[in-house]
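Please walk through this structure with the sequence and the coordinates side by side. The text starts at one residue, moves to the whole chain and then visits a few further sites.

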Amino acid sequence: MTTRRNFLKGAAASGIAFCSCGMLDAAHAQPKGPRLPVKVNGKRVLTVDVHAHCYFREAINLMGDGADKVLPPVKGVPEHFIAIEQRLKEMDAMAIDMEVLSINPFWYGKDRDTAAQIVKVQNEKLAELCAARPERFAAFASLTLQYPDLAVQQLETAVKKQGLRGAATGGNVLGEDFSDPKFHPVWAKAEELGAVLFIHPQSTPQLAQRFKGNGWLSNTIGNPLDTTIALSHLIFEGTLDRFPGLKICAAHGGGYLPSYAARSDAGCVTFPDRCPKPLKKRPTEYLRQLYYDSIVFTPEALRHLAAEVGSGQIVMGTDYPFPWMKTSVDHILNTPGLSDAEKRAMLGETASRLLAIKS
């Protein structure tokens with residue numbers, strides 16, 4: 001009992017809450033659908049959500065004057081600050097056994113010492129949260145990618161000492177693409193560790209003027225476009241040839257790339273002078289060595305994604321607590337044409353294997 005009291009006291013001091021705090025409103029009422037445990041043709045499957053978010057106030061406060069810009073005024077932001085029992089209740093309602101938590105980078109523009117402190121706080125708290133409920137939570141580490149040498153150290157610590165499963169990144173680093181050789185040491189370390197890199201875009205700021213107006217185009221168009229550009233550079237600049245064992249998972253179904261990938265093949269054939277760097281295989285073939293979350297919204301989109309990249313490369317995502325895809329389990333179960341084995345793989349088997357999650 002003394003040990004339990006000390007653990008709870010330490011958890012409370014760290015900002016982790018173990019009780020509901022009434023944060024949910026009517027807009028977050030849960031849809032009707034399957035509940036735990038999820039079974040496919042009678043076989044139990046551990047459902048794993050690889051795209052779920054959280055924040056820690058202690059890290060945001062380190063931003064100083066920029067702290068107020070970290071939290072966008074949209075639905076779902078309050079629920080980023082996890083009250084464990086409330087989050088578990090939400091996960092149960094969505095039929096999610098495990099969430100793999102990540103934090104979208106807001107520190108890429110900060111100086112070395114500030115960024116390092118933000119990442120230190122976040123990775124420690126992610127590790128603490130996962131240790132509190134290891135059967136329900138795993139996490140991707142944060143990295144100061146603007147300082148690649150520091151990011152290499154952070155990644156090694158996160159995987160070897162903190163039990164994190166890889167790292168979450170943006171789609172670029174202040175406009176610098178991941179194919180830039182300055183980032184090679186980070187990808188080399190990720191390949192060495194077998195760590196998964198979860199690429200989550202943050203719009204395409206170079207197009208901010210054209211995104212103005214109705215529809216929140218900076219997100220609805222800008223996010224998938226950012227991922228498309230990031231993956232395309234990794235392919236065409238030879239980064240995936242240099243690091244063939246790199247494990248990359250792209251948010252939002254990989255953006256637009258899987259939907260129009262054949263143009264990448266045709267481009268180099270039609271205009272070979274625009275592709276002076278030889279690749280080891282056709283651009284579209286690289287798509288089948290990457291992983292993608294299932295946030296593509298319709299059964300036809302999911303079917304098409306599976307046809308283009310292979311059903312074994314798709315893992316489930318919800319983007320929780322943003323209210324995009326609370327029906328992700330149903331989305332997979334109800335997509336026509338998927339075999340039972342394919343459904344089980346997307347629901348959690350592929351993620352469990354990729355992230356070394358024990359059933």
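Which residues does Thr227 touch, not counting residues up to four places away in sequence? The coordinates come from a predicted model. In that model, Thr227 touches Pro201, Ala250, Ala251, Gly254 and Gly255, with residues up to four places away in sequence left out. Thr227 is found in helix H8, which spans residues 222-236. With a relative accessible area of 0%, Thr227 is under the 20% limit and therefore counts as buried.

The chain as a whole comes next. The protein chain has 14 helices and 10 strands. Its radius of gyration is 20 Å, close to the 21 Å that the globule rule gives for 359 residues, so the chain is as compact as a globular protein of that length. Taken along the principal axes, the box filled by the C-alpha atoms is roughly 70 × 50 × 45 Å. Buried residues make up 53% of the 359 residues. Of the contacts between residues at least 6 apart in sequence, 76% join residues at least 24 apart.

The surface and the charges can be described briefly. The protein chain exposes about 16,000 Å², and carbon and sulfur atoms supply 55% of that area. There are 41 positive and 37 negative side chains in the protein chain, and the centres of these two sets lie 4 Å apart.

H3 covers residues 84-93, and 7 of its 10 residues are buried, so the helix is mostly covered. The buried residues are Ile84, Gln86, Arg87, Leu88, Glu90, Met91 and Ala93. They pack against strand S3 (48-53), S4, helix H4 (112-132) and strand S5 (137-139). Just after H3, Ala95 takes a positive phi of about 65 degrees.

Asp97 lies in the loop between H3 and strand S4 (98-102). Is Asp97 buried or exposed? Its relative accessible area is 7%, which is under 20%, so Asp97 counts as buried. The side chain of Asp97 makes a polar contact of 3.0 Å with the side chain of Arg44. Arg44 is also one of the residues in contact with Asp97 once neighbours within four places in sequence are left aside; the others are Leu36, Val45, Leu46, Thr47, Met91, Glu135 and Arg136. Met91 in this list is among the buried residues of H3.

Phe140 sits in another loop, between S5 and helix H5 (148-160). Phe140 has a relative accessible area of 1% and is buried. Leaving aside neighbours within four places in sequence, Phe140 is in contact with Val50, Val100, Leu101, Ser102, Leu126, Arg165, Gly166, Ala167, Ala168, Val196, Phe198 and Leu355. Lys189 is 49 residues from Phe140 along the chain, and the C-alpha atoms of these two residues are separated by 15 Å.

Arg242 has a relative accessibility of 54%, which is over the 50% limit, so it counts as exposed. Arg242 and Trp187 are 55 residues apart in sequence, while their C-alpha atoms are 9.5 Å apart in space.

Technical notes:
Residues numbered from 1 in each chain as written. Predicted model: local features only at pLDDT ≥ 70, side-chain atom pairs only at ≥ 80, totals over all residues. Heavy atoms only, no water. Helix = DSSP H or I, 4+ residues; strand = E, 2+ residues; numbered from the N terminus. Rg over C-alpha atoms; globule rule 2.2 N^0.38 Å. Buried < 20%, exposed > 50% of the residue type's maximum accessible area, 1.4 Å probe, protein only. Contact = heavy atoms within 4.5 Å. Areas by Shrake-Rupley, 256 points an atom, 1.4 Å probe, with all protein chains shown as cover. Lys, Arg positive; Asp, Glu negative; His and termini not counted. Charge placed at Lys NZ, Arg CZ, Asp CG, Glu CD. Polar contact = N/O pair within 3.5 Å; in protein donor to acceptor, adjacent residues only side chain to side chain.
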